[in-house]
Amino acid sequence: MLRLSILLVPLLFLSFRSKNDTFQLGEEYGYRIKFGILTLGSANVSVDNKTHTVNGLPCYRINVSGRTEGITDLYRVRNTYTSYMDTLQYFPQKFEYSARENNYKRDQILYFDHRKNVVVKKEKESVDTYSVPAHIHDVISGYYSLRHIDFSTYHLGQIYTAPLFFDDESYRFKVKYAGKGTVKTRFGKINVVKLHPILPENKLFKGEEAIRVWVSDDKNRVPIKIEVDFSFGTIVMELRKYKKNLYPFNFFS
């Protein structure tokens with residue numbers, strides 16, 4: 001069974017700093033994950049109703065969870081990612097990961113020291129320290145920082161990069177701006193911006209543009225739909241519910 005955590009990676013993006021005018025405490029989005037007509041599972045993205053203090057800084061506590069549903073729940077996947085992202089510059093201060101996939105279990109905590117440019121990982125009884133580039137992000141803080149980008153200033157095909165730490169490694173994550181369009185949802189149609197996260201060469205994803213993300217073309221800048229091409233077919237994630245978004249969505253018929 002393909003680990004559901006892989007399907008959550010497209011929600012995670014890039015480094016940028018500005019005043020927060022795109023989300024608020026208590027915001028929540030729910031997604032359905034499908035393969036053709038088969039429902040594989042669901043994903044949920046939420047911001048806690050209050051701030052938390054980490055490293056002496058006020059932080060948003062952002063939670064991303066994924067689980068199998070229906071017939072695929074025979075594999076019983078329950079994965080959770082949590083980022084404590086400071087409210088001033090949107091840099092991660094702490095990151096927690098919990099995986100429950102059948103008999104597979106993994107738990108780790110990452111501590112970010114942006115003055116020394118190191119990440120300290122605690123997993124089981126081991127403690128490891130990694131040197132990282134300045135302004136490093138975890139996968140969740142990177143996505144929330146991306147939401148502050150004004151895509152109206154971008155030209156077609158323009159690529160942006162940012163340092164990202166995930167699964168014991170740091171990467172130069174790349175995102176390509178691929179234009180605008182509309183997407184049909186259960187709530188109606190909505191204008192969107194299309195993005196292509198560009199991945200390093202690997203055997204899992206099919207092609208450089210294997211991931212396609214349609215983000216609402218408004219100040220929310222929320223993923224409305226995500227497609228991921230694998231060798232066996234395409235997995236689709238679609239927005240199914242939302243609450244406490246800072247701006248109304250402009251759905252139309």
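**Before you start**

Because the model is predicted, local features need pLDDT of at least 70 and side-chain atom pairs count only at pLDDT 80 or more, while totals for chains, interfaces and linings use all residues. Residues are numbered from 1 along each chain as its sequence is written, and side-chain values use heavy atoms, with hydrogens and water left out.

**Stop 1: the whole chain**

Show the chain as a cartoon and you will find 2 helices and 15 strands. These are DSSP runs numbered from the N terminus: helices are H or I with at least four residues, strands are E with at least two. Of the 253 residues, 51% count as buried (under 20% relative accessible area; exposed is over 50%, partly exposed is in between, with a 1.4 Å probe and protein chains only).

**Stop 2: Asp113**

Next, select residues 104–113, which form strand E7 and include Asp113. Is Asp113 buried, partly exposed or exposed? Asp113 is partly exposed, because its relative accessible area is 21%. Show its side chain: a polar atom there lies 3.1 Å from the backbone nitrogen of Arg115, and the backbone nitrogen of Lys116 also lies 3.1 Å from a polar atom of this side chain. Then pick Ile136, 23 residues away along the chain; its C-alpha atom is 9.7 Å from that of Asp113.

**Stop 3: the second largest pocket**

On a 1 Å grid over the protein atoms alone, a pocket is an open set of points with protein on both sides within 12 Å along at least five of seven lines, a cavity is a set where a 1.4 Å probe fits but cannot get out, and lining residues have an atom within 4 Å of a point. The pocket lining divides into 4 nonpolar, 4 polar and 3 charged residues.

**Stop 4: the cavity**

How many cavities of 30 Å³ or more does the structure hold? The structure holds 1. Select Tyr143, Leu146, Arg147, Phe151, Val215, Arg221 and Pro223, which line the largest cavity. About 40 Å³ of space lies in this cavity, and its lining has 5 nonpolar, no polar and 2 charged residues.

Notes: Ala, Val, Leu, Ile, Met, Phe, Trp, Tyr, Cys and Pro count as nonpolar, Asp, Glu, Lys and Arg as charged, and the others, Gly among them, as polar. A polar contact is a pair of N or O atoms within 3.5 Å; within protein, one must be able to donate a hydrogen and the other to accept it, and residues adjacent in sequence count only if both atoms are side-chain atoms. Grid points are joined across faces, edges and corners, and a volume is the space filled by probe spheres set on the points.
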